[in-house]
Amino acid sequence: MSEMILTCKQLAKGYGGKLALNYVDLSLPRGEIIGLLGPNGSGKTTLIKLAAGILTPTSGEILVAGEKPGVHTKALVSYLPERSYLNDWMSAGQIVDMFHDFYSDFDAVKACEMLDRLGISRRDKLKTMSKGTKEKVQLILVMSRSAQLYLLDEPIGGVDPAARDYILDTIISNYAENSTVVISTHLIADVERVLDRALFISGGKIVINSAVDDIREKEGKSVDALFREVFKC
Amino acid sequence: MTWQFSEDRAIYTQIAEQVKLRIIAGIYPVGTRLPSVRELAAEASVNPNTMQRALADLEREGLLYSERTSGRYVTEDCEKIRQIRHGLAQSVAKEFFFRMEQLGYTRPQALKLAEETEEQGNE
């Protein structure tokens with residue numbers, strides 16, 4: 001088993017001549033919750049999509065558990081995209097069945113328990129749900145897998161503070177032991193206390209890679225305050 | 001008692017302080033088993049590794065001890081808990097005098113005011 005769950009070597013991705021990721025070198029250990037923090041357009045989603053195997057690098061290399069993203073790594077990676085990819089006409093129950101068919105590490109009982117606790121019926125269709133409820137359903141699906149790497153792209157984006165708390169609590173109480181969770185967001189104050197490590201990304205480069213408590217001890221300020229300083233407009 | 005964290009200090013040190021207070025207050029009584037790291041982390045909405053680090057610190061201080069299979073327990077050493085309580089009380093007292101001094105009070109004046117305030121509160 002490779003020691004690092006994610007490794008990038010001189011990783012670059014360009015869209016039509018513009019570099020979204022600018023020759024990134026990065027190694028992420030197992031067993032941590034990591035915040036991928038940066039302003040809009042800094043390369044957060046591009047990095048996550050490369051790790052999820054949805055994009056291919058322009059140059060350089062990205063490895064998940066020591067392997068190039070592909071069929072095998074997709075079995076190890078549980079990915080929550082920024083935008084919903086689920087069909088609106090499906091019901092919660094149908095989606096649970098679909099995940100059960102797709103992923104051998106999916107725990108349908110756990111997913112159903114979490115849906116029950118939120119009062120979501122198996123028969124409820126996605127299109128009848130509010131935005132917040134839809135986000136919660138998708139997170140429940142993603143966190144009900146026993147993956148080695150969870151890639152969560154803006155999981156608390158468009159939801160209210162109470163729903164944010166629910167989502168973060170669901171993440172910390174459900175991720176598989178020794179697995180790593182990457183959470184991309186710009187809502188740093190909300191995620192700060194669940195993070196082990198903060199990665200600041202700017203213009204396609206990782207500019208800070210540090211343990212959250214180290215930042216607080218060395219800088220005497222929160223990650224949120226440091227972020228505001230580093231990315232001051 | 002709810003978990004509250006300030007912005008400017010490491011979270012694990014703040015967790016350790018608050019667990020300490022809970023032991024002193026008897027919320028986690030002498031010799032009893034603590035909830036698991038995951039349970040405590042979920043309750044405080046913090047990362048399980050951070051909670052683990054804070055509990056390991058308290059273990060080094062001798063306030064907690066681990067049984068390999070059954071979990072983490074509060075020490076049975078009441079004297080130890082008394083000592084730590086005393087240490088915390090001393091720092092609260094020092095802080096009080098320091099702040100009163102900033103307001104221009106001498107020690108006797110500060111003590112007198114504390115007593116008067118307490119009496120008024122009891123009326």
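## A sheet, a helix pair and some cysteines

In this predicted model, Cys8(A) has Ile62(A) in β4(A) as its bridge partner. Let's look at the sheet around that bridge, then at a place where two chains meet, and finally at the cysteines.

**The sheet in chain A**
- Strand β1 of chain A, residues 4–15, pairs with β4(A) in the antiparallel sense, and five bridges link the two.
- The open sheet of chain A has three strands, ordered β2-β1-β4, with antiparallel pairing.
- The edges belong to β2 (18–29) and β4 (59–64) of chain A; each has a single partner strand, so one side of each lacks a neighbour in the sheet.
- On average, neighbouring strands here are turned by 15° against each other, ignoring direction.
- Helix α1 of chain A (residues 44–52) packs on this sheet and touches β1, β2 and β4 of chain A. The direction of this helix makes about 120° with that of β1(A).

**Where two helices meet**
- Helix α8 of chain A (residues 212–219) packs against helix α1 of chain B (residues 11–24) at an angle of about 90°, and their axes are 8 Å apart.
- α8(A) is therefore roughly perpendicular to α1(B).
- From α8(A), the contact uses Asp213(A), Arg216(A) and Glu217(A), while α1(B) brings Ile11(B), Tyr12(B), Thr13(B) and Gln14(B).
- Sorted by class, the contact of α8(A) with α1(B) has three charged, two polar and two nonpolar residues.

**The cysteines**
- Over all chains, the count of disulfides is zero.
- Cys112(A) is buried, with a relative accessible area of 16%.
- Cys78(B) is partly exposed, at 37% relative accessibility.

Note on methods
Residues are numbered from 1 along each chain as its sequence is written. Chains are lettered from A and ligands numbered from 1 in the order in which they are written. This is a predicted model: local features need pLDDT of at least 70, side-chain atom pairs count only at pLDDT 80 or more; totals for chains, interfaces and linings use all residues. Side-chain values use heavy atoms; hydrogens and water are left out. A disulfide is a pair of cysteine sulfur atoms within 2.5 Å. Buried means under 20% relative accessible area, exposed over 50%, partly exposed in between (1.4 Å probe, protein chains only). Axes are lines fitted to C-alpha atoms, for helices over the stretch in contact, and angles run from 0 to 180 degrees between N-to-C directions. Helices (H or I, at least four residues) and strands (E, at least two) are DSSP runs, numbered from the N terminus. Angles under 35 degrees count as roughly parallel, over 145 as roughly antiparallel, 65 to 115 as roughly perpendicular and the rest as oblique. Contact means heavy atoms within 4.5 Å. Ala, Val, Leu, Ile, Met, Phe, Trp, Tyr, Cys and Pro count as nonpolar, Asp, Glu, Lys and Arg as charged, and the others, Gly among them, as polar. Two strands pair if DSSP finds at least two bridges between them.
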